[in-house]
Amino acid sequence: MQIGLLGKTNVGKSTFFSAATELVVPIANHPFTTIKPNVGITYVRVNCVCKEFKVKDNPIHSICINGNRFIPIKLIDIAGLVPGAHKGRGLGNKFLDDARQADALIHVIDAAGATDSEGRSCAAGSNDPLEDLKFVEEEFDLWLASIISKDWSKIAREVEHKIKKLEELLAEKLSGLSIREELIVDVLKNTKKKPIEWDENDIISFAKRLRMISKPIVVAANKADIKQAEINIQRLKEYTLAIPCSAEAELLLKLASKKGIIEYLAGDSKFTIKDTNLTKEQMAALDKTKAFLDKWGSTGIQDVINTIVLKVLKMIVVYPVEDVEKLSDKKGNILPDAYLMKEGSTAKDLAYTIHTDLAENFIYALDVRNKQRVGADYKLKNNDIIQIVASR
Ligand SMILES: Nc1nc2c(ncn2[C@@H]2O[C@H](COP(=O)(O)OP(=O)(O)OP(=O)(O)O)[C@@H](O)[C@H]2O)c(=O)[nH]1
Ligand SMILES: [Mg+2]
């Protein structure tokens, strides 16, 4: 699973990335700080089943802290856009290629309106974030349209001569973008025109509809720590799925926690100060962050990640085990794995995720909670603990 960070330049994408992945990357208050993409790991936070079963777990690829399971996903931070990027303005929009594989996008917006359309600092409240929302989505659609329209006449001819179906040709063309053919078929359903009749606007409109179902977007309404953001957040929420956040606040808390100054877990609504020898500046920064948490409930960063994975992409968490009594793998690691699976996945899908052999030799699965045997078609539920039994 991969999530891409998208947005106008200088709105806080790299700050969000750094706060979410704890990687140190260049952050600066001027346009186009990021040129090469930053790639890192962040985590979805869920309540771990270890609490329910009162066991001390030994996660291998995920992390469990006080009953909170953190499951890794890939996060990609890319360069920023300006209006007219498709015409080559700023860094252009070709770099969007860097986020081709993303399953979904986080659109980081300066909700305080403190950066103008070119990404330069301006008085808070003077830029309209709704305009940013529109132009960034439009630039994305134009980028997608440019990929689709390449060699269009060849595609149109092949369809016309019944060599291949349009959906097949498009699926081949878009194979590097992790867009499934069913989605292409879905979008094409409402299209009456033959490919040979499509003009540029038809391609753009198709690209837009395809983007909407294949690359869902959650808006991170960033810089919510600036007063002017509040009214804009309300406006953004009326228009789209927007979550207030402060990447800067999350980054500060992560750094303070790393240094042992505070105790804080991503997504918490509060933190505890551990270090009693803080400077005035450190105290002031922590006081400001506390006020933010009191007002908004959290920094919003974890909320954005959880929303995109669990609510928008509709993933559930499943815990496979080999030993049903100990809830462990063969080596005795308790609840070693937590897999993110698409809602509607089956026991057989889980087997495939673990190992092809396990799926191919699948006999049955066991729902560990009620000790019931279930078949290959069993639809997994969130928090299921499953043993897969295979013939060898
Ligand atoms: N007040 C406030 N400032 C923020 C926040 N997040 C980021 N910033 C500031 O915004 C500026 C730009 O941050 P970056 O993370 O470099 O922005 P970017 O979107 O990656 O920018 P480019 O890579 O240049 O496109 C920096 O000065 C950050 O400190 C926030 O939540 N609140
Ligand atoms: Mg950046």
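Predicted model: local features only at pLDDT ≥ 70, side-chain atom pairs only at ≥ 80, totals over all residues.
A polar side-chain atom of Thr9 is placed 2.8 Å from an oxygen atom of ligand 1, and a polar side-chain atom of Asn222 is found 3.1 Å from an oxygen atom of ligand 1. Considered alone, ligand 1 exposes 660 Å², of which the protein buries 91%.The shell around ligand 1 comprises 23 residues, and Thr9, Lys13, Thr15, Thr33 and Asp225 are the closest of these. By class, this shell holds seven nonpolar, 12 polar and four charged residues. Two helices, helix 1 (13-21) and helix 9 (247-258), each contribute at least two residues to the shell around ligand 1. Helix 1 provides the largest share, three residues.

The magnesium ion (ligand 2) is coordinated by the OG atom of Ser14 and the OG1 atom of Thr34, at 1.9 to 2.1 Å. These two residues link distant parts of the chain: Ser14 belongs to helix 1, whereas Thr34 lies in the loop between helix 1 and strand 2 (38-47), and they are 20 residues apart. Ser14 and Thr34 are both buried.

The buried residues run through Lys13, Ser14, Thr15, Phe16, Phe17, Ser18, Ala19, Ala20 and Thr21. Just after helix 1, Glu22 adopts a positive phi of about 60°.

Strand 1 (residues 2-6) is mostly covered as well, with five of its five residues buried. Gln2, Gly4 and Leu6 point one way from strand 1, while Ile3 and Leu5 point the other way, and all are buried. Strand 1 runs parallel to strand 4 and is joined to it by four bridges. Four bridges also join strand 1 to strand 5 (residues 104-110), again in a parallel arrangement. Leu5 takes part in both pairings: in strand 4, Leu5 stands opposite Asp77, and in strand 5, Leu5 stands opposite Ile106.

Strand 4 (residues 68-77) also contains Arg69. Is Arg69 buried or exposed? With a relative accessible area of 0%, Arg69 falls under the 20% limit and is therefore buried. A polar atom of the Arg69 side chain lies 2.8 Å from the backbone oxygen of Leu335.

Strand 10 (residues 315-320) has six of its six residues buried. What is the sense in which strand 10 pairs with strand 11, parallel or antiparallel? The pairing with strand 11 (residues 339-342) is antiparallel and extends over four bridges, and within it Ile316 stands opposite Met341. With strand 14 (residues 384-390), by contrast, strand 10 pairs in the parallel sense over three bridges. In this second pairing, Tyr319 stands opposite Ile385.

Burial is also found in a loop. Trp198 is located in the loop between helix 6 (181-188) and helix 7 (200-214). The relative accessible area of Trp198 is 8%, and this residue is therefore buried. In sequence, Trp198 and Ala156 are 42 residues apart; in space, their C-alpha atoms are 8.7 Å apart.

Helix 1 supplies residues to the shell around ligand 1, and its residue Ser14 coordinates the magnesium ion together with Thr34. Strand 1 pairs with strand 4 and with strand 5, while strand 10 pairs with strand 11 and with strand 14.

Note on methods. Residues numbered from 1 in each chain as written. Chains lettered and ligands numbered in written order. Heavy atoms only, no water. Near = heavy atom within 4 Å. Polar contact = N/O pair within 3.5 Å; in protein donor to acceptor, adjacent residues only side chain to side chain. Areas by Shrake-Rupley, 256 points an atom, 1.4 Å probe, with all protein chains shown as cover. Nonpolar A, V, L, I, M, F, W, Y, C, P; charged D, E, K, R; others polar. Donors = N, O, S within 2.8 Å, 3.2 Å for Na, K, Ca; no water. Buried < 20%, exposed > 50% of the residue type's maximum accessible area, 1.4 Å probe, protein only. Pairing = 2+ DSSP bridges.
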